[in-house]
Amino acid sequence: TAATVQYLLRLGDDALVLAQRLGAQLTRAPQLEEDVALANIALDLLGQARPLLARAGELEGRGRDEDALAFLREERDFLNCQLVEQPDVDFAGTIARQLLFSCYQLPLLQALTTSADEVLAGVAGKGVKEVAYHRDHAVQWTLRLGDGTEESSRRMQAALDRLWPFAAELFESDDLVRSLAVRGVAVDPASVRPRWDADVDAVLAEAGLARPSSVRVATGGRRGLHTECFGYLLAEMQHLARSHPGATW
Amino acid sequence: TAATVQYLLRLGDDALVLAQRLGAQLTRAPQLEEDVALANIALDLLGQARPLLARAGELEGRGRDEDALAFLREERDFLNCQLVEQPDVDFAGTIARQLLFSCYQLPLLQALTTSADEVLAGVAGKGVKEVAYHRDHAVQWTLRLGDGTEESSRRMQAALDRLWPFAAELFESDDLVRSLAVRGVAVDPASVRPRWDADVDAVLAEAGLARPSSVRVATGGRRGLHTECFGYLLAEMQHLARSHPGATW
Amino acid sequence: AALAERFERTVAAEERIEPRDWMPEAYRKTLIRQIAQHAHSEIIGMQPEGNWITRAPSLRRKAILLAKVQDEAGHGLYLYSAAETLGVDRAELLDLLHAGRQKYSSIFNYPTPTWADVGAIGWLVDGAAIVNQVPITRCSYGPYARAMVRICKEESFHQRQGFEILHHLSSGTPEQHAMAQDAVDRWWWPSLMMFGPPDDASPNSARSMAWKIKRFSNDELRQRFVDMAVPQAEALGLTLPDPELRWDAESGHYRFGAIDWTEFHEVLRGNGPCNALRVEHRVRAHEEGAWVREAADAYAAKHAARAGAEVAA
Amino acid sequence: AALAERFERTVAAEERIEPRDWMPEAYRKTLIRQIAQHAHSEIIGMQPEGNWITRAPSLRRKAILLAKVQDEAGHGLYLYSAAETLGVDRAELLDLLHAGRQKYSSIFNYPTPTWADVGAIGWLVDGAAIVNQVPITRCSYGPYARAMVRICKEESFHQRQGFEILHHLSSGTPEQHAMAQDAVDRWWWPSLMMFGPPDDASPNSARSMAWKIKRFSNDELRQRFVDMAVPQAEALGLTLPDPELRWDAESGHYRFGAIDWTEFHEVLRGNGPCNALRVEHRVRAHEEGAWVREAADAYAAKHAARAGAEVAA
């Protein structure tokens, strides 16, 4: 179960951290409809994170609930991929991050609907519909920005170039995930890479955007190693909860 | 002594929060000499804040040291003026904040060198020389920016206009400070206003900048009421210390 | 004249004026101004609470708050749509907001320094909004009345959530209780000001009442709010910062102290703690989003052109 | 030829070449490249530690860290001045840094996720820097040697502070101890790489040695550092992440495992965890400061002109 706990934290932290980033964009979107849409996506992700973290805490058996895991863990204990923690430089960056992540998350959750862990299967079952919308939203905006104005195309390409090094980590396989995959609990993320490549390539082609050629591979999130922006995200997220030890809200 | 504690916190929090803002600018200055200069000013202010907070904790008698006061108080308990917490929008903003604050702090510390509180008198004695440099630094840059290029003059004027509403609070008098002034501990801040007006007006005139005409008066800091940016400053500053209750560093 | 008569008859019969109907120009203008101000208040009102989304102290509270601020964006959308039925468009109205030429509720010019402010806004500000808005569900202009039905339903949900936040804080640790009390102390008087100036200083009210846009006077609504809030404060275990507040058995109402209208007018004139901040934040989001809206328009135009070309081919 | 001979004689006699002296063009170029790289390393090196200034866990540590990062800016200033004696100016060198055409030490392309990283950088990175730099205090080029004397004095102060941070953490709570160990685990190997490629893969070393710019080979310096660090790690109560590390009584040195030079070359090629971040941060500060530098120049020019006009009048 220690392995399952780790795996649940990886998935739960991905959703939590991305929800946190998107939540910060509320009141800052380019139009009201996008305030609504980004909040929707953030809510879906938060709704995925909560049962995953709660389940991790339950299996761990050390009395930590979803809030203890979200608010009282330190940076090195967060297992999200580095992609989701990347800051929102502009709307193109927000969309690029959504595109890369949702094209990965959708086939992953589809495969996880049959997980041997009931909670995981339940979250995946509910999440598939949500993430299909997230992906559609990101695809539509990628097309509009890629095939919109000169500026939007330049910004969208720059955002993709900037975030591309963080994509490889999504598909990293390791002993933990492989052993859980054998037991039917997890899905080996490497298995969803072909689908991701096909989906992303198709969108980029239609949007007139180039697939970035960066060879750099950023990694470490699954081992708790994060980019320097992440500590500030946590400080903001955890400060109030940490300021009142033992209080409930 | 409860009044003296409050007064020491006002002065100490001013210095601490301004040091925190300036410290965040390190590696972001327009030239290396300014990285050095702003760090110097931040260090001076931090060096003033520490004995003031330590003295406040000592007089309070509840066992709180400088770190407990800096890292474990909540936003509503910080008594700094709102001016020092205002974010660094650009270098002109940093300089405008320095100008308004150092032109106030210098005559205040000069008067406090004879405070009946020994620690306060000591901090003031040492601080006078430091703040004379801070003021000179701010004045020189105000002249350069005001009388530099069109852009620099526009930015400097905008920064002054933006920060001007926060100046009045510096000179606010209340029963607490008046009663301490009678006892020779504090200086009534209203008494340094004429000097401030004269000094600031002279610099603005030489720099070709207009004295802002804003009638808005921002206030509340001395009662622990801060602008919305302040909570984020505290979250960042306090997060690590709050994450390890009871640890020393 | 026949048209005017029909308009008067419709209003008098408590029936709805619809966009296709003739209406007096002053009625249209009054409605546009009021609906726009209402919409702007929803949009600007996202900021004080949005300030706590990233810092909410539990995941459940974070989700509730996210949903609430999202609802406010949704309310803004309905209301701008309602205004658009009167022949203005959202972009124009937003420009007026950004230029400071249309107002939003002054209450949102106060800061939210603590988490308890989220509770106080929900309880008091949404509470006051509901008292203000429920009568508008019977407003003579159809689209506004219908938008308000939906909005009021959600607002009362928000108000209960605000109450619940404060209730939890009030019965929590001493620090939490103090935080709740402090927030109520700061929000109480501004909430009372939300109903607008006293009746004897509210020149436009009479006409709005005649048109059945407005149903009750400012002071009537304010009294209704106070009568509702006082027992709720007791249930919360919190006090209201008014030494003159007392039950008046004779009238069956709570009597309250004098409101500081100087503060109200200062905030209204732009000198409140957060006026500049709120408008700057909105303008920045709008300006930073300009290239995105342009891209969406360009894309739509290209694809409409292509679709047209395909049809022609 | 007489000039060249005099240059050779001065170097051989362990005397100093000064800016006014004749020197071979290759010597000048090598020095410019090395001093610039060194200066850039000080400036970029402010970032990983600067990352913790606003979050330092005590006011004392915050002051020490502020002072340290300030010292690094000061070191950058000395070194750019030393480079300027060779006929380039700081602005040119910064442009080369920003364009990625001059390098800085690869060690600064690693992130500082925890407070213990500040300690590890002080202890290991400054420690390695000192081993590298102390011999440069005897460099044949006078201005560089003199800058280095001052820098080394401050660096050894910084190194002790780093050691002290780790010592405090190591003997603190279990969480603090783990934080210190984790940081050392992450910084150890990159620190060893700071001495550059192994001698058999370091083509320019021989000439630098002949010119007495360099005094010891990369591998010699690396060994010196390891010999110094191992007992210090023991004193800290921390382990070094090298299972092959052991004392070799025969040679009187610690033997250590093989270095992963692939990682070194990847980071050098720009693919380290923070290469993009570091350069972008630097470029942003430079670009955002452009209007300030222009204003200062314009002001200086105006006032020089006015002073001239007054003299003429």
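So, A:Gln157: you'll find it in helix H7 of chain A, residues 150-163, where helices are DSSP runs of H or I with at least four residues, numbered from the N terminus. Keep in mind that this is a predicted model, where local features need pLDDT of at least 70 and side-chain atom pairs count only at pLDDT 80 or more, while totals for chains, interfaces and linings use all residues. On bookkeeping, residues are numbered from 1 along each chain as its sequence is written, chains are lettered from A and ligands numbered from 1 in the order in which they are written, and side-chain values use heavy atoms, with hydrogens and water left out.

Back to that glutamine. Is A:Gln157 buried or exposed? A:Gln157 counts as buried because its relative accessibility is 17%, and buried means under 20% relative accessible area, with exposed over 50% and partly exposed in between (1.4 Å probe, protein chains only). Setting aside neighbours within four places in sequence, A:Gln157 is in contact with A:Leu209, A:Ala210 and A:Pro212, contact meaning heavy atoms within 4.5 Å.

Okay, on to chain C against chain A. Here 45 residues from chain C meet 46 residues from chain A. They bury about 4000 Å², and carbon and sulfur atoms give 68% of that; buried area is the accessible area (1.4 Å probe) lost on putting two parts together, summed over both.

How many salt bridges cross between chain C and chain A? The rule finds 3, a salt bridge being a side-chain nitrogen of Lys or Arg within 4 Å of a carboxyl oxygen of Asp or Glu. One pairs A:Asp147 with C:Arg306, with 3.4 Å between the closest N and O atoms. On chain C, the elements giving two or more residues to the side touching chain A include helix H4 (59-84) and helix H13 (290-312). H4(C) gives the most, 13 residues.

Now chain D and chain B. This contact takes 45 residues from chain D and 46 residues from chain B, and the buried area is about 4000 Å², 68% of it on carbon and sulfur atoms. Which three residues supply more of chain D's buried area than any other three? Those are D:Leu59, D:Trp291 and D:Tyr299, supplying 20% of what chain D buries against chain B.

There are 3 salt bridges across this interface too. In one of them, B:Glu33 partners D:Arg90, the closest N and O atoms being 2.3 Å apart.
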